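Biologist: I've got a new structure open and I'd like to learn how to read it. Can you walk me through it?

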Amino acid sequence: MSGFDDTFAYVIGIERGYVVDDGGPTMWGITQAVARECGFQGDMHDLTLDQAKQIAKTKYWDVFHCDDFDPRIGQQVFDAAYNGGHPVLWLQQCTGATPDGQFGPATLAAVKAANVDRLIAKFDAYRLLYMCGLDVWPSYSKGWARRIANNILAGESP
């Protein structure tokens, strides 16, 4: 992955189009609640890929400072934010930064100083542990495990 466009294309390959799940009506992985929060008021079937991309950039890429990381880490953080969870807390737990869930200069410095491969492995381990504790794990476990396994493979050093 080399930046937002590549990462978004990767995640859209997982998310695809319209579904209704526990999060309600969802298009391109954007829930109706998130779409409304970002100003989209139409039927979720009508949310275009370009609109989803703009929402994703604002809500899941920029907010989590993904341009400031190695692109492989940015991809992991973006996917975790897009799919739900606590990516800042997991970054902090992986790097020894104070685990307060708030992104700041200390977290950024810790991430930049970390070994990328080790950080990705630990990040995805924390993500899996979190997901396993969710009540909906039995319904979504295969898809989530497959998603995270593919993320680990996509984040490997060449």
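**Reading the fold**

Modeller: Read along the sequence, the protein chain runs α-β-β-β-α-α-α-α-α-α-α. Helices (H or I, at least four residues) and strands (E, at least two) are DSSP runs, numbered from the N terminus. Here that comes to eight helices and three strands. Keep in mind that this is a predicted model, where local features need pLDDT of at least 70, side-chain atom pairs count only at pLDDT 80 or more, and totals for chains, interfaces and linings use all residues. Residues are numbered from 1 along each chain as its sequence is written, and side-chain values use heavy atoms, with hydrogens and water left out.

Biologist: How much of the protein chain is buried?

Modeller: Buried means under 20% relative accessible area, with exposed over 50% and partly exposed in between (1.4 Å probe, protein chains only). In this case, 39% of the 158 residues count as buried.

Biologist: At what angle do H1 and H4 pack?

Modeller: Axes are lines fitted to C-alpha atoms, for helices over the stretch in contact, and angles run from 0 to 180 degrees between N-to-C directions. Helix H1 (residues 4–15) and helix H4 (residues 71–83) pack at about 40°, their axes 10 Å apart.

Biologist: And which residues of H4 make the contact?

Modeller: Contact means heavy atoms within 4.5 Å. H4 brings Gln75, Phe78, Asp79, Tyr82 and Asn83, while H1 brings residues including Phe4, Phe8 and Val11.

Biologist: What is the span of the C-alpha trace?

Modeller: Along its principal axes, about 45 × 35 × 30 Å.
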